[in-house]
Amino acid sequence: MKAPAALCLLDEAYEDTMTFLEDVRSAALKDERRVLVDLRETERITPEIGPLLLAEMQRIKFLRGAAAINGLSPKNAEARRVLHAIGFFKALGMWDPTSIKEGDDLDALFDIETDTTLLGGVSKDLAQKFAAALSLSDDQEVAIEKAFNEALENISEHAYFNPDELAWPAEEGRWWICAMTSPLTGEAIAMACDLGLTIPETLERSTYSKGGTNLAALKDYLLKTVRLTHDERMLGAAFEDGVTRRPDGKGGNGLGKMAHLVQEFPDGHLRVLSGGAIATLATGHDAIRVSKLPLKFSGTYIIWRLTKGSMS
């Protein structure tokens with residue numbers, strides 16, 4: 001199955017990328033055919049594609065066996081090196097003859113981590129990587145660890161709440177995350193995705209389960225956003241502390257914490273794709289901006305980028 005010339009989530013290549021992944025899923029999981037992911041003519045691959053493509057391939061291997069899907073490496077050296085750098089080939093345990101032949105079979109610079117359970121060490125390790133790259137204070141490191149932990153908790157509690165509701169079957173609880181950090185450039189990027197139910201699909205149900213105060217906060221938010229689509233409104237509500245906060249006041253606001261921390265850095269960005277909507281925020285902008293995606297994202301993807309130097 002031939003991949004498009006560009007694989008990317010954040011520009012004009014988004015629709016081609018989503019269509020390609022949907023075709024791969026359909027061929028493997030609906031038609032039960034063996035799939036060859038042909039990246040030979042793909043000339044541009046952006047880093048966030050690595051965890052997502054890995055997720056799709058590992059899903060198919062889990063459901064249909066290791067032989068159900070394989071791939072051909074890009075001829076383009078830059079595209080190939082991106083996949084190597086973020087640990088795509090390493091995570092799949094793939095031997096890449098094209099890279100070896102061309103002499104660019106580099107060791108992975110960053111590892112894509114994946115699991116089906118939430119382990120406290122994952123959030124702590126990610127926060128430590130961010131702290132080293134951004135020269136964070138102890139308080140900032142703790143704040144980032146809490147944000148990671150609460151965001152990952154959402155996956156374990158809500159994304160796979162009812163597997164029967166998934167558009168495509170998936171391994172229950174599975175998440176993927178990669179932290180790309182550089183002390184040299186003072187930049188830290190986290191990319192995390194799951195293949196579970198989307199935030200717009202689960203937000204209202206999880207709010208009901210938390211009680212009247214949370215439900216009232218959700219109703220107030222929805223009254224202010226009547227002109228938006230359902231998925232835009234629900235994704236936007238996920239950043240509202242009063243909507244998502246647990247009754248005991250502990251946890252439940254990972255996205256809100258990430259959004260707040262963006263403002264503490266000179267050039268921070270947060271993007272969340274889930275269902276039919278994308279939420280974005282950048283340093284200097286107080287409000288989360290939600291907009292409609294041209295094609296639905298089947299799952300949730302978080303991209304969080306911070307640069308060195310606190311503004312506080």
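This is a predicted model: local features need pLDDT of at least 70, side-chain atom pairs count only at pLDDT 80 or more; totals for chains, interfaces and linings use all residues.

**Entry 1**

Is glutamate 32 buried or exposed? I call glutamate 32 exposed because its relative accessibility is 56%, and the cut-off for exposed is over 50%.

Next I turned to serine 135, in the loop between α6 (120–134) and α7 (138–159). Serine 135 is not a glycine, yet it has a positive phi of about 55 degrees. Its relative accessible area is 48%, so I wrote down "partly exposed".

I moved on to helix α1, which covers residues 14–30 and holds threonine 17. Threonine 17 has a relative accessible area of 1%, so it goes in my notes as buried; the cut-off for buried is under 20%.

Which residues does threonine 17 touch, if I skip those up to four places away in sequence? My list reads Ala6, Leu7, Cys8, Leu9 and Ile49. I looked at the cysteine in that list in more detail. A polar atom of the threonine 17 side chain lies 3.0 Å from the backbone nitrogen of cysteine 8.

**Entry 1: the cysteines**

How many disulfides does a search of the whole structure find? The search finds zero. Cysteine 8 is in no disulfide, and the nearest cysteine sulfur to it belongs to cysteine 193, 14 Å away. I count cysteine 8 as buried because its relative accessibility is 4%.

Cysteine 178 is in no disulfide either; the nearest cysteine sulfur, again that of cysteine 193, is 10 Å away. Cysteine 178 has a relative accessible area of 0%, so I marked it buried.

A reminder to myself: two packed helices are described by the angle between their axes and the distance between the axes.

I began with helix α8 (residues 199–210) and helix α10 (residues 230–237), which pack at an angle of about 60 degrees with their axes 8 Å apart. That angle makes α8 and α10 oblique to each other, and their crossing is left-handed. On the α8 side I found Ile199, Pro200, Leu203 and Glu204, which meet His230, Asp231, Met234, Leu235 and Ala237 in α10.

Then I looked at α9 and α10. Their axes come within 10 Å and cross at roughly 130 degrees, so this pair is oblique too. Here the crossing is right-handed. Leu218, Tyr221, Leu222 and Leu223 in α9 meet Arg233, Met234, Gly236 and Ala237 in α10.

Which residues of α10 are buried? I listed Glu232, Met234, Leu235, Gly236 and Ala237. These buried residues pack against α8, α9 (212–224), α11 (241–244), β8 (269–282) and β9 (289–307).

**Entry 2: a close look at leucine 235**

I picked leucine 235 out of helix α10. Its relative accessible area is 0%, so leucine 235 is buried. What is leucine 235 in contact with, leaving aside its neighbours within four places in sequence? I wrote down Ile199, Pro200, Val272, Ser274, Ala277, Ile278 and Ala279. Alanine 277 sits 42 residues apart from leucine 235 along the chain, but their C-alpha atoms are separated by 6.9 Å.

**Entry 3: one more helix pair**

Finally I looked up α7 and helix α12 (residues 254–262). They pack at an angle of about 145 degrees, with their axes 7 Å apart, and α7 passes α12 in a left-handed crossing. The α7 side of the contact is made by Ala143, Ile144, Lys146, Ala147, Phe148, Glu150 and Ala151, and the α12 side by Gly254, Lys257, Met258 and Leu261.

Notes
Residues are numbered from 1 along each chain as its sequence is written. Side-chain values use heavy atoms; hydrogens and water are left out. Helices (H or I, at least four residues) and strands (E, at least two) are DSSP runs, numbered from the N terminus. Buried means under 20% relative accessible area, exposed over 50%, partly exposed in between (1.4 Å probe, protein chains only). A polar contact is a pair of N or O atoms within 3.5 Å; within protein, one must be able to donate a hydrogen and the other to accept it, and residues adjacent in sequence count only if both atoms are side-chain atoms. Contact means heavy atoms within 4.5 Å. A disulfide is a pair of cysteine sulfur atoms within 2.5 Å. Axes are lines fitted to C-alpha atoms, for helices over the stretch in contact, and angles run from 0 to 180 degrees between N-to-C directions. Angles under 35 degrees count as roughly parallel, over 145 as roughly antiparallel, 65 to 115 as roughly perpendicular and the rest as oblique. A crossing is left-handed if the near helix is turned anticlockwise from the far one by less than a right angle, and right-handed if clockwise.
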